[in-house]
Structures are given as structure tokens and as C-alpha cells.
Amino acid sequence: MKIDVTENAMFDERYLHLLSRSFPTVADAAAEIINLEAILNLPKGTEHFLADLHGEHEAFQHVLKNASGNIKRKVGEIFGNTIRESEKKELCTLIYYPEQKLELIKATEQDIDDWYHITIHQLVRVCRDVSSKYTRSKVRKSLPEEFSYIIEELLHERPDDQDKAAYVAVIVDTIITTGRADDFIVAICNVIQRLAIDQLHILGDIYDRGPGAHIIMDTLRQYHSWDIQWGNHDILWMGAAAGNDACICNVLRLSLRYANLATLEEGYGINLVPLATFALDTYGEDPCEEFIPKLLKGNKMDEKTLQLTAKMHKAIAIIQFKTEAAIFHRRPEWLMEDRCLLENIDFTEKTCNIEGVKHSMKSCSFPTVDPSCPSRLTPEEEALMQKLHHSFRVSEKLRKHIRTILSHGCMYNVCNQNLLFHASIPLNEDGTLKQVNILGKDYQGRDLMEYTGQLIRAAFQNDTPDELKAFAKDYFLYLWCGKDSPLFDKSKMATFERYFLVDKETYHEEKGNYFKLRDSSEVCDRILDAFGVKGEARHIINGHVPVHASKGENPIKAGGRLMVIDGGFSEAYHSETGIAGYTLVYHSRGFQLVQHEPFTSAQDAVVRGTDIKSTTQIVEMSTHRMLVADTDKGVELRSQIADLKNLLYAYRHGMIKEKRV
């Protein structure tokens, strides 16, 4: 049955009855309408966009704590010249690392009660400022239960109200005299951190290279509001967790390449002893020169461990090439059998045939490769892979983190007129959307991204048909290195060539058309149209390819339509990019791009008050201060208001009875 609620609206009576359970009276419905209308007129919340974290947990956590420099800016604005710069610096460090900073202060401060009085009042002023764009209800939900009432009272008492001055003073005095000052300071600092960022967007690649991807995931699991657009390195770990042996090999190889085993061993409890034993038995006399790991800052290794790591690196790389070949042969429609390069080696001439050209090899020591069947695993390799496969599959923490990535993530997201994805959208040479065939059906643009996301989820669902699940599990490898993968989009992944071939020209990976054409505003507009992104101030935001800031490359492309925010968080990229990552900040005034210098350590931040040195570039400012009404949330709230008005109409015209208690 339909109710004619307004002249142009029809509404489902069953829905109105469901809505009436939450708002059982006219007064309840009217109060909620008033509340939602008020929220529409609050300033837009601040969104932060980060990409390509690559396991750099300390830098990532610091950026969250300082809100990409936003807290430092607010402290400067609030206190101006009323306190010294050194005091502002100390206050900021306290907000970022309250527990650690308190220990240092208490060890040196002679009048700690006086310091508590001054500092608590300062923190309340900062907290009042960062909470000003939220409703009291939202602020209340962010407060720790034990101090909720006290913080709320302090935040909402006007500092110039003389009648309440004594009241506020007594609250602060009591916090101190009851020995709760430290706990209160920690609590309010955490509230400031939380309210400084309303929504966090991670544009992919949490994993690989750095030592703390598992720590980043633990941090995100506790974070109040975030989403992720999966990156190619995330997909690799998801594939490993799903049981794709080629993905498992790639994960291990990358970890060994950067001598970063912390995430594997300490984070997820992956047992690498069988791999070490196999590597020593098989490559004990091989110097494995091409497989010496790249040691990053602070990662020191003695010669014996370095040699063992190199042997493990080579062992898993050879198994990787074999397991990949098995999948490429199983999926000939991917047209990737030309990447089965172990099969192209002439062991007598020590050359590898690629596209009819023989290339000299750096070395040709392959004790586990049978020239008559190069891609077949030896019995020892098979036994090793069974152990490694089991280790990945039984890691409860890895499963938990992958479930979190699945629940918070997707291949793309459209949020407030911004299209977010990690790497690319496959394009033809003329900039039109490319058709990509999956299981006999062509997909492009948004359909391609959505179906890819469905395949990824299908690999983890128990009710997925066996044949589809097997394909979905294999498809992780295509997403990692397939030519038309929206997470790769290159001609090839030249891993084999870099390890074994002399000719460096074979290392070249031709970028796909998206990367060649992304400077075109016409191409970007075509992509935005395909994803249904409307409005004049619409953008594409992605990462994946580091911006070479030191060479003058601009992260803002296509006349402002596209923002590339991979500035190289990982230390492995610092010498290449000249910086240490970007944060894109989208607040009520517009967009700002924050360019970060390399982070030293959390210890330095606490002891010496060092901060990430950041340069802010104004990308695009709005002609008016944006409100919640101007966002996607505003559209949702207006829809809720319309529903509630329909409910009011139904109450007042007797179509639905009020449920009085």
C-alpha cells in the first residue's frame, strides 16, 4: 500500500512504520528534523588522504598524531604571541605523545602542579577549537568514558564567563589534587588527535618495504573513521592470505629483498625456518650476488645473516617464477605465458630468449631447474611450499587484518566529488575506456572496478562456487602483474630480467595509457563522467607512482583535475623522490597538499620535539566555507529529513498512530 504523503511523493507505509520505531512520536520526529537541519549548517569535516604507506608505521602514526601539521597550525593560531615558540613546540609534542612526554616533564619540572594548571587550560582551548565544527553529540561520542562529563563541561563553558570562572577552576584543581592529572591530559590529547581528522582515506599500499605494516593495520583497526582503496601490494598480501602460492612467494621475496622480516615473523608469525634450511642446503655454495638485500636506514646486518638472506631471497624467487608459470599456463586467456622465462633459458649458451632475441645472463646457477621441464617444482620445493602455505593460512592475525581491509575497502570510492583509486583506469590509446575481458565478459571503467572487487571478495567467501573461487584466487596474481590490471597497468613486470639479464634495456616496463594520458583534463573528465562524479570541483585522487618532487614534478595534473599523492613514504623511495610522502587535506576552506620531509623517529619527537617538516601548498580554495550541506553526508541527511517529514505527515493525518510510552 502506498501513502500519498505530499503532492509529488509516494512513500512505502511499511518503511514509515519501521521509521516510527525510532521516532515514536511527533515530538521525536520533529526534534530529529531540527537536529539534522542544524548539522547541515556545520562546517564540513576535515578529510585526510594518504597513499603508499609501505610499512612506515612511525611516520604514518606521527602524521595521524599531528594531523599533517594541522594541530601545530591551530596551536599557533590560538596562542599567537601569548606564549613562546618553544612552549608551543612543547605543547604540540605533548598532544602527539602525551604518555612519553609526561614522563620527561615530571622528571625535570620543579613545580608540577603549576605546570598541570597551565597545561590543562591550554589543552582545553585547543580541544575547544578542534571540536567546534562538530555537534555536541558527536564530540561526546569521541570522549573517553571516565572523563566524558568533565571534558564536556570544560569545553562548553565560555572562558570569558566570570560567573563560571570559579567553577572551571575547581574542576581543574580537583583533577590535580585527586592525582588524575596525567590520565586526564592523556585523555584530552587523544581527543584532540581524533577530532583533528574527521575521515581518513588510505589510497592503497599499506604493505611491503617498511617494517611495520602490521602495526599500521593495528592502528587502523582502532581508528574512528577510515576507508581504503586497495593497492597492488595490499592485493598481493590478500592473495597470499587467500592461499595463492605465487602471491606468497612474491610477499616473501619482497620482504627478503629489503631485509624486512618484521611484519612476517613478528607481525604474523610466519615460520621462515624451513625456507632458511632449504636455501642453505640448495644454494650454500652460491654467492647469490644479485640477491643481496637492500638495507634501509637502521637495518644493520652481519655478513653471515646477509648471505643467508640472499640465499633465501634467491630460493623463493626461483620458486616464484615456477608457481607463476603454473598459473599463466592454467590461464592462457591472460596472454601471459611469455612471462614463463625459466622456459626460455639456453643453459648451454647461458642466454634467455625474449621475443626472439637472445640476452646474456648474469649467472646461470639454477640447481632446482630441470631444463626438460623448467617450471616444475622439485619435491623439496613442493614440500617447502606446503609448509609456507600452511603458515600463511593459519596466521590468525593476518586473517584478522585482511578481514579489516575487506570490510573497510574496495577498488575505488567516490566521496564528496572526488574519485579515489590506487593506480589507474585501463585506457585505449585515444583515452577512451579500455574493455578488459574477465571470464569471457568485457568490463570497463566503473564496471571493471566493481567486478574486480567482487572477484576479490569471492576468494574469501565460503559460498563461492569452487570453479569461480579457484579463478578468483588465481586472479590475485593477474591484479599484481597483469598488463590490463587497474592495479598494475604496465607492459610487464621485469622482475626476472632485473635479477638475471645483463641488458638493462630489458628492465623497461612500458606504462599503460592511463599514465601517458593523465595530464589531459579531457581524459580525466571522461573518467569522472564514467564513474558518475558530478560537479565543477570534481577530482581524481590516486597514488601508486611516486612523484619525483626533487626533479620538479608536480603532483597536481590535468589543470587540477588529478592529484597524485604518492610522494614516497617508504625510505626506499626517499633518494628517488627527494621527499617522504604527501598528505592531501580537504577541509571546509578547500584543498591543501602537505609535502613531508623524512621522519626521524618517535623517540626524537618526544625527547627533542622534532616534528615532520612539512610544506603546505594550497591546491584549491573554495569561494565560501563548505558546510555539511555541501557534502555527500548532506545529501544523505536531506534524504533523512524528507523521510522524517513524511513520517510527521503520516502522524498528523492519522495514517500512523503515535506510540506513546
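Reply: Angles under 35 degrees count as roughly parallel, those over 145 as roughly antiparallel, those from 65 to 115 as roughly perpendicular, and the rest as oblique. Axes are lines fitted to C-alpha atoms, for helices over the stretch in contact, and the angles run from 0 to 180 degrees between N-to-C directions. Helices (H or I, at least four residues) and strands (E, at least two) are DSSP runs numbered from the N terminus. This is a predicted model, in which local features need pLDDT of at least 70 and side-chain atom pairs count only at pLDDT 80 or more, while totals for chains, interfaces and linings use all residues. Residues are numbered from 1 along each chain as its sequence is written, and side-chain values use heavy atoms, with hydrogens and water left out.

Me: At what angle do α17 and α18 cross?

Reply: The axes of α17 (residues 303-330) and α18 (residues 379-393) cross at roughly 95 degrees and come within 12 Å. The two helices are therefore roughly perpendicular to each other.

Me: Which residues of α17 and α18 meet?

Reply: Contact means heavy atoms within 4.5 Å. From α17, I316, I318, I319 and K322 meet E381, L384, M385 and L388 of α18. For classes, Ala, Val, Leu, Ile, Met, Phe, Trp, Tyr, Cys and Pro count as nonpolar, Asp, Glu, Lys and Arg as charged, and the others, Gly among them, as polar. The contact of α17 with α18 has six nonpolar, no polar and two charged residues.

Me: How is α14 placed against α18?

Reply: The axes of α14 (residues 245-257) and α18 come within 10 Å and cross at roughly 85 degrees, so these helices are roughly perpendicular. D245, I248, C249, V251 and L252 in α14 meet M385, L388, H389 and F392 in α18. That contact divides into seven nonpolar residues, one polar and one charged.

Me: How many aromatic pairs are found in the whole structure?

Reply: Rings of Phe, Tyr and Trp (its six-membered ring) pair if their centres lie within 6.5 Å; planes under 30 degrees apart count as stacked, over 60 as edge-to-face and the rest as tilted. A search of the whole structure finds 23 aromatic pairs. In one of them, the ring centres of W237 and Y268 are 5.7 Å apart and the planes stand at 55 degrees, so the pair is tilted. This pair links distant parts of the chain, since W237 is in α13 (residues 232-242) and Y268 in α15 (residues 262-268), 31 residues apart.

Me: Are W237 and Y268 buried or exposed?

Reply: Buried means under 20% relative accessible area, exposed over 50%, and partly exposed in between (1.4 Å probe, protein chains only). W237 is buried, with a relative accessible area of 2%, and Y268 is buried at 4%. Another pair, F471 and Y475, is stacked, with 5.4 Å from centre to centre and 25 degrees between the planes. F471 and Y475 are four residues apart in α21 (residues 466-481), and so are separated by about one helical turn. Both F471 and Y475 are buried.

Me: Which residues do ring pairs link into a cluster?

Reply: The cluster consists of F291, F321, F347, F366, F496, Y499 and F500.

Me: Where does the charged end of K314 sit?

Reply: A charge sits over a ring if NZ of Lys or CZ of Arg is within 6 Å of the ring centre and within 35 degrees of the ring normal. The charged end of K314 sits over the ring of F366, 5.8 Å from its centre. K44 lies over the face of Y586, at 3.9 Å from the ring centre.
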